[in-house]
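Visitor: Please show me the structure, and then take me through it step by step.

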Amino acid sequence: MNHPREERLALAAAGDLPAFSAWQVRRHLAVCAECRTTVEAYVQMRVELSALPVPEAPAKLAASILARV
């Protein structure tokens, strides 16, 4: 069985594949538990990362950058 590359599975989990490529991956996932597990892990990782707080930029960052331009 030819498995999709890891990058393609990650893109599929994010919904970032073109329609035909997404269809090919979905077709493969229908018969491959190993790749389904990988895609589910990527989906879970996206959920967990989105729950992390967004860090604040240092207060004087913009002024510091502009001073160097």
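Guide: A salt bridge here is a side-chain nitrogen of Lys or Arg within 4 Å of a carboxyl oxygen of Asp or Glu. This is a predicted model, in which local features need pLDDT of at least 70 and side-chain atom pairs count only at pLDDT 80 or more, while totals for chains, interfaces and linings use all residues. Residues are numbered from 1 along each chain as its sequence is written, and side-chain values use heavy atoms, with hydrogens and water left out.

Visitor: Which residue forms a salt bridge with Arg5?

Guide: A search of the whole structure finds one salt bridge. Its closest N and O atoms are 3.2 Å apart, and the partner of Arg5 is Glu7.

Visitor: Is Arg5 buried or exposed?

Guide: Buried means under 20% relative accessible area, exposed over 50%, and partly exposed in between, using a 1.4 Å probe and protein chains only. The relative accessible area of Arg5 is 61%, and therefore Arg5 is exposed.

Visitor: Is α1 oblique or roughly perpendicular to α2?

Guide: Axes are lines fitted to C-alpha atoms, for helices over the stretch in contact, and angles run from 0 to 180 degrees between N-to-C directions. The axes of α1 and α2 come within 10 Å and cross at roughly 100°. Angles under 35 degrees count as roughly parallel, over 145 as roughly antiparallel, 65 to 115 as roughly perpendicular and the rest as oblique, and α1 is therefore, relative to α2, roughly perpendicular.

Visitor: Where does His28 lie, and is His28 buried or exposed?

Guide: Leaving aside neighbours within four places in sequence, His28 is in contact (heavy atoms within 4.5 Å) with Met1, Asn2, His3, Pro4 and Cys35. His28 lies in helix α2, which spans residues 19-29. Because its relative accessibility is 10%, His28 counts as buried.

Note on methods. Helix = DSSP H or I, 4+ residues; strand = E, 2+ residues; numbered from the N terminus.
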